[in-house]
Amino acid sequence: MKLNTEYIEKLAKIINDNGLTEISVDDGEEAITIRKDAPEVISVAAPAQAVPAPAVSASAPAEKEEVQKPVQKGKTITSPMVGTFYASSSPDAEPFVEVGSEVKEGDVVCIIEAMKLMNEIKSEHTGKITQICVKNGDPIEYGQVLMYVE
Amino acid sequence: MFKRVLIANRGEIAVRVIRACRELGIPTVAVYSEADANSLHVRLATDAFCIGPAPSVDSYLSIPAIVSTALTTGCDAIHPGYGFLSERAEFAEICDMHGIKFIGPSAESMRKMGDKATARKTMIENNVPVTPGTGIIKSVKELKEFANQVSYPIILKATAGGGGKGMRIVRNDDELESNLNLCRQEADKFFGNPNVYAEKYLENPRHIEVQIIGDSHGNVIHLGERDCSIQRRHQKLLEEAPSPAIDEETRREMGAAAIRAAKAINYEGAGTCEFLLDHDGKWYFMEMNTRVQVEHCVTEMISQVDIVREQILVASGEKLSHSQDEILLRGHAIECRINAEDPDNDFMPCPGKIDGYFAPGGFGIRVDSHVYPGYTIPPYYDSMIGKLICWGENRKQARRRMYQALKEYVITGIKTTIPFHQSIIEDEVFKSGEFNTGFIEDFYERKNKEG
């Protein structure tokens, strides 16, 4: 390889085109590493779908109301209704669950408030909460992924 | 003016309302079921919320889901469109309770007109002609007396019904009791109210309806009539304004009657008074629709009044944009409802993916539709995919424009009723303007004789 700006630009393009963070080339004589300060590897969280994070993943364009978080393996707890998410039963109470909490099927994991009525949302799965995708006060739509359980 | 409006509907009317809001500079929130994620109204709105699974009862008819969405997104008004919750008084009340303006009449107005027996009574009190009829029927004897007094045929109707449902025609004394019982049972099943009343049944009348708009300052105007006689199984297929059967004097009388009716119930917003025109020229009040209607477009074309815009303005407290004197009805407009149905197969609904889509254009051509190439029509809702409206200086010109526009209109991948509309537009009886609600039946009889 010839270490010139043209070559470096080519490598940089490869990084960008494929959403990579780093590329290393070593031909025995010369070595070059180009690293890009990339944000966290991100993927659009698809409702009711658990996708293992691949080694290299392309950054997906932002959707209107999608939450961008590292996608974890696990089963989903989705919202059965429209409303506002609350992690605990009242502002000064402890949250029902946190990342790492053990839950059984039927345990209350959060509240969705609709028209001044507090609705307890129960876990559909047994396991450990691996991720909570929403925060207190977020507006929630039908079918939106609230948490992952493994 | 409202700061954010939620549109509690889908399809072409949701698009229509979103456009009117955009023109007024109001941000919009669309609601959609899982089956409508790719629908046009979702893309056009400022924001969109999924409110439930495909079945309407769990989504577009879910009052909690819709009101919750309005509250969490900070909407101060909801436009209900037509169908769905647009004529549900309790929905209007719930909006009111939560400080959300329901763009339409009050729950009270809706109830007065929604209960058909009460509506008739209100009309009688206000000198609006009604078909000879009864109040809620208490006995078979009472019904028999009435039937023989006005002479058969008579029609039994559910007081809580509408939209052509829960009705039975009775032609003689022998059929009377059994039909009354069945009608009561159906009324209870469909509308939750077994009360039934009777009217003299007019054979193949013309269906003439008058558009009115009222504001919160006591002003009510009418925008002329529409002729909606071309119906198949009580579903309108084609509408036009003005009616070929109505002269200037009758128009004035009907308009005045519709305004009296609206003022009697303090009506606010857009509404329609439906009348039946008998063969002898007499006309009678049938029912009032307390919402914007599918066919509002033909009235817009001849009056140059944006009815949906007016709905939003009056709901926000503004006075009507025009006085009755300022309303000038010009020309003639015809609307064809384009449905995803197979006219050669008993109008079976054909949901599916639209491959090619090319809409007609030009002067006097208007297309109100929510479909686009690649769009998949979901099977859960009604089959109307768009409306083609043509305006002309007179009926002949409107008809010829419609003829050309239908020829240009191409939708592939699904079956549509475009070819069916083409045959109606060219039909001699339709051309003459002399038809009534028996048109479609007669049309098929003539076609079968030819073929």
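B:Phe84 counts as buried, since 20 other C-beta atoms lie inside 10 Å and the cut-off for burial is 20 or more. The model is predicted, and the geometry described below is computed from it. B:Phe84 is not a glycine, yet its phi is positive, at about 40°. The residue belongs to the loop that runs between strand S4 (77-79) and helix H4 (89-97) of chain B.

A positive phi in a residue other than glycine is also found at B:Ser151, where the value is near 70°. B:Ser151 is exposed, because 9 other C-beta atoms lie within 10 Å and the limit for exposure is 12 or fewer. The position of B:Ser151 is in the loop between H7 and S6 of chain B. B:Pro153 is likewise found in the loop between helix H7 (140-150) and S6 of chain B. The peptide bond that joins B:Tyr152 and B:Pro153 is cis, with omega of about 5°.

Strand S6 of chain B, which comprises residues 154-162, pairs with S8(B) in the antiparallel sense over 5 bridges. Within this pairing, B:Ile155 is placed opposite B:Glu199 of S8(B). Helix H6 (residues 116-125) of chain B packs on the sheet and touches S6 and S8 of chain B. The direction of H6 makes about 105° with that of S6(B). The sheet itself is open and is formed by 3 strands of chain B in the order S7-S6-S8, with antiparallel pairing. Its edge strands are strand S7 (165-170) and S8 of chain B, each of which pairs on one side only. From one strand to the next, the twist averages 30°.

B:Val196 is located in strand S8 (residues 196-200) of chain B. With 30 other C-beta atoms within 10 Å, B:Val196 is buried. When neighbours within four places in sequence are left aside, the contacts of B:Val196 include B:Leu156, B:Lys157, B:Ala158 and B:Thr159. Also among them are B:Ile137, B:Leu180, B:Cys183, B:Arg184 and B:Ala187.

Strand S9 (residues 206-214) of chain B pairs with S12(B) over 9 bridges in the antiparallel sense. B:Ile213 is opposite B:Ala270 of S12(B). S12(B) is also joined to S13(B) by 6 bridges, and these two strands run antiparallel. Here B:Leu276 is opposite B:Tyr284 of S13(B). The hairpin of S12(B) and S13(B) has 5 residues between the strands, and B:Gly281 in this hairpin takes a positive phi near 95°.

Strand S11 (residues 235-241) and strand S14 (residues 332-339) of chain B run antiparallel and are joined by 4 bridges. B:Ala241 has B:Ala333 in S14(B) as its bridge partner. A cis peptide bond, with omega of about -5°, connects B:Ala241 and B:Pro242. B:Pro242 is in the loop between S11 and helix H9 (248-264) of chain B.

In chain A, helix H1 (residues 5-18) has 14 residues. The distance from its first C-alpha to its last is 20 Å, close to the 20 Å expected at 1.5 Å a residue. The number of buried residues among the 14 of H1(A) is 0, so the helix lies largely in the open.

The average pLDDT of chain A is 77, and 73% of the residues score at least 70. Residues 38-68 of chain A have a pLDDT below 50, and in the model this stretch has 48 contacts beyond near neighbours in sequence. The contact between the chains takes 11 residues from chain A and 15 residues from chain B. On the side of chain A that touches chain B, the residues divide into 6 nonpolar, 3 polar and 2 charged.

How values were computed
Residues are numbered from 1 along each chain as its sequence is written. Chains are lettered from A and ligands numbered from 1 in the order in which they are written. This is a predicted model: local features need pLDDT of at least 70, side-chain atom pairs count only at pLDDT 80 or more; totals for chains, interfaces and linings use all residues. Two residues are in contact if their C-beta atoms, placed from the backbone, lie within 7 Å. Ala, Val, Leu, Ile, Met, Phe, Trp, Tyr, Cys and Pro count as nonpolar, Asp, Glu, Lys and Arg as charged, and the others, Gly among them, as polar. pLDDT is the predictor's confidence in each residue, from 0 to 100. Two strands pair if DSSP finds at least two bridges between them. The expected span of a helix is 1.5 Å times one less than its number of residues. Axes are lines fitted to C-alpha atoms, for helices over the stretch in contact, and angles run from 0 to 180 degrees between N-to-C directions.
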